[in-house]
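Visitor: Hello! I would like a close look at one single part of this protein, please.

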Amino acid sequence: MQPSAPQFSERLTAPRSWWVVAALFGVSGGLVALPLGVLPLLGGVILAGAAAGAVVSSYGSARIRVVSGSLVAGDARIPVSALGEVRVLDPEEARAWRSHKADPRAFMLLRSYVPTAVRIEVTDPQDPTPYLYLSTRHPEQLSEALRTLASS
């Protein structure tokens, strides 16, 4: 395997129901412009639909990757050497760690529509972040990729 090839890669895409809601925003944009005529109606559908689609796409574009000795989660890039224990969270534990157990100093890449997550300790003494909370649909695979990279 090439050192630059990702050992794990996931995109936290938005669910299909969100795309349906975006399409309905497009329809409602057209209905708002309906009294102005057919051309404004089409413009309203296109503009409102495109704006809603851009919002859903942007929110669903978060990526988690393990590549080149680093964990890349959203905009954060953390070397695996600065990470400690990886804990796989089931839906109930994940809910607890993103609510009443959460530490405000933690780095959280969470998506409410992804029920499972991982909690990764940060061992770097220079970093005030106690842990990373990452929503993931494949917590076991992410955990295994990090453990494999840390042991090599």
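Visitor: Which residue stands opposite Leu134 in strand 8? Please tell me about strand 8 and its surroundings while you are there.

Guide: Happy to! Please keep in mind that this is a predicted model. The residue standing opposite Leu134 of strand 8 is Leu109. Leu109 brings us to a neighbour, because strand 6 covers residues 107-109, and strand 6 pairs with strand 8 in the parallel sense over three bridges. Another partner is strand 7, made of residues 117-122, and here the two strands run antiparallel, joined by five bridges. In this pairing, look for Glu121, which stands opposite Tyr131 of strand 8.

Now follow the side chains of strand 8 itself. Tyr131, Tyr133 and Ser135 point one way, while Leu132 and Leu134 point the other way. Whichever way they point, all of these residues are buried. Strand 8 spans residues 131-135, and five of its five residues are buried, so the strand is largely enclosed by the rest of the structure. Buried here means under 20% relative accessible area.

For a contrast, turn to Ile46, which is found in helix 2, residues 38-59. Ile46 has 58% relative accessibility, and it counts as exposed because that value is over the 50% cut-off. Ile46 also belongs to a nonpolar surface patch of about 510 Å², which it makes with Val38, Leu39, Leu42 and Val45.

Key: Residues numbered from 1 in each chain as written. Predicted model: local features only at pLDDT ≥ 70, side-chain atom pairs only at ≥ 80, totals over all residues. Heavy atoms only, no water. Patch = residues over 30% accessible without salt bridge, like charges linked within 9 Å, V, L, I, M, F, W, Y side chains within 5 Å. Areas by Shrake-Rupley, 256 points an atom, 1.4 Å probe, with all protein chains shown as cover. Salt bridge = Lys/Arg side-chain N within 4 Å of Asp/Glu carboxyl O. Helix = DSSP H or I, 4+ residues; strand = E, 2+ residues; numbered from the N terminus. Buried < 20%, exposed > 50% of the residue type's maximum accessible area, 1.4 Å probe, protein only. Pairing = 2+ DSSP bridges.
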